[in-house]
Amino acid sequence: VPLLASWSAEGDALGGGGVAARARAVFQEFESLGVVKAMPRLRGRRSQFQHYARLRETMGRHVRPDKQPMVFFTDDDDIWHPRRAEEYMAAAAHHPEAEVLASRMHISPGLAPRLPPSASASDVTALRAAGQLRASLCAERPEAGLFGTATGEYFDMAIAFRVFDDFFRMHNEAVIANCFADIRFRTFMLKWPGPVHRFMPRSSADGNSEGVPWMYFYDRPTEPYTTPSTDEDLRYVCEFLPDPERIAGLRQTLDCVLFQLAPTQGPFRISGRDFAEKLVGLLVDQNPATVAMALDRCRIHGVEVVLEEEATELEAAA
């Protein structure tokens, strides 16, 4: 069965040396081999989740309600452990009721440089054995509070198609196009109301010194990432926060957290303590201006901050 590919690019796909033309030539080569079926090109830049939405519509026409395939994820510059699919299958066999299977393990470069495109799974295993990669381990059980179950990355999950389908059905185009859609999706899966099973990959049955398989190599170093400031950031300039670029970083940190919490229906409330410790507490700058910014970003995202005395009154009224 050929791989179905959704793609987008700017420029002319019919000729010339631009990205669109080169991408089309690659797809034509692999289509001739019968391994890829490329969907018609979308013009302009599209987010990863806009492509997922398109693929979901096509897949949905072929999924029977009584037979839900499992969906799992990858980036083209990341590397799978050879046993990655096997470990999900083993977890599914032990927990056939689960609609979300969440691996608690993946690795990344950490503070090391990215690997070259020619790197293989054996290279990753050797670097891990030498202690040069960063292991990311997720909690075994859901945690209460502001973040709840939101740990790990969305590619740690394998999910029933209905979970995948519901995410796109419940969110509008603005959410799907947002740069934080992956974080929203991760939280959506881990808070899925149906059965969710978190698992640690099994150690090698043959006693291999590798131990627990690393499952997925996420080829992204640990580094801050923000976009340049915009007019939106100028509203927060003040004595405590005079630098718009600094404000942009703070705002995007807040938005990243709040975007995954904003409800699809009804208000979402967080306590004053969670606001102070787990939201404002994330920020390097601690001053009245960052508190005011955090309150404003909560308002914009539809997240209500409830002080302790207000929470008591709400409970009494209920």
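**Close-ups of a predicted fold**

**View 1. Arg184 lies over the face of Phe259, with 6.0 Å to the ring centre.** Here a charge sits over a ring if NZ of Lys or CZ of Arg is within 6 Å of the ring centre and within 35 degrees of the ring normal. Arg84 does this too, over the face of Trp80, at 4.6 Å from the ring centre. Keep in mind that this is a predicted model, where local features need pLDDT of at least 70 and side-chain atom pairs count only at pLDDT 80 or more, while totals for chains, interfaces and linings use all residues. Residues are numbered from 1 along each chain as its sequence is written, and side-chain values use heavy atoms, with hydrogens and water left out.

**View 2. Ala181 sits in helix H7, which covers residues 181-190.** Helices (H or I, at least four residues) and strands (E, at least two) are DSSP runs, numbered from the N terminus. With a relative accessibility of 1%, Ala181 counts as buried (buried is under 20% relative accessible area, exposed over 50%, partly exposed in between, with a 1.4 Å probe and protein chains only). Who touches Ala181, once its neighbours within four places in sequence are set aside? The contacts are Phe49, Phe167, Val175, Ile176 and Phe259, where contact means heavy atoms within 4.5 Å. Take Phe49: its C-alpha is 6.9 Å from that of Ala181, although 132 residues separate them along the chain.

**View 3. Phe49 and Phe185 are one ring pair to zoom in on.** The model has 26 aromatic pairs, counting rings of Phe, Tyr and Trp (its six-membered ring) with centres within 6.5 Å; planes under 30 degrees apart count as stacked, over 60 as edge-to-face and the rest as tilted. Phe49 and Phe185 have ring centres 5.4 Å apart and planes at 75 degrees, so they're edge-to-face. Phe49 belongs to helix H2 (residues 48-60) and Phe185 to H7, so this pair ties together parts 136 residues apart in sequence. Phe49 is buried at 3% relative accessibility, and Phe185 is buried at 0%.

**View 4. Phe155 and Tyr216 make a stacked pair, with 4.2 Å between centres and 20 degrees between planes.** Phe155 comes from the loop between strand E9 (134-137) and E10, while Tyr216 comes from strand E12 (residues 216-217), so parts 61 residues apart in sequence are tied together. Phe155 counts as buried at 3% relative accessibility, and Tyr216 is buried at 1% relative accessible area.

**View 5. Helix H2 has the span you'd expect.** Its 13 residues should span 18 Å, and the end C-alpha atoms are 18 Å apart, which agrees (the expected span is 1.5 Å times one less than the number of residues). Phe49, Gln50, His51, Tyr52, Ala53, Arg54, Leu55, Arg56 and Thr58 are the buried residues of H2. Those residues pack against strands E1 (3-5), E2 (8-9) and E4 (42-43), and against helices H5 (161-170), H6 (173-177) and H7.

**View 6. An open sheet of four strands runs in the order E5-E10-E7-E11, with mixed pairing.** Two strands pair if DSSP finds at least two bridges between them. E5 (70-72) and E11 (196-199) are the edge strands, each with a single partner, so one side of each has no neighbour in the sheet. Neighbouring strands are turned by 20 degrees against each other on average, direction ignored. Axes are lines fitted to C-alpha atoms, for helices over the stretch in contact, and angles run from 0 to 180 degrees between N-to-C directions. H7 lies across E7 (100-103), E10 and E11, at about 65 degrees to E10.

**View 7. Strand by strand, here's how that sheet is joined up.** E5 and E10 (residues 157-160) run antiparallel, joined by three bridges, and Val71 stands opposite Ile159 in E10. E7 also meets E10 antiparallel over three bridges, with Leu101 opposite Ala158. On to E11: does it run parallel or antiparallel to E7? E7 and E11 run parallel, with four bridges, and here Leu101 stands opposite His197. Both faces of E7 are covered, with Val100 and Ala102 buried on one side and Leu101 and Ser103 buried on the other.

**View 8. Strand E8 (residues 105-108) points Met105 and Ile107 one way and His106 and Ser108 the other, and all are buried.** In a regular strand the side chains alternate between the two faces of the sheet. E8 runs antiparallel to E9, with four bridges joining them. Ile107 stands opposite Ala135 in E9.
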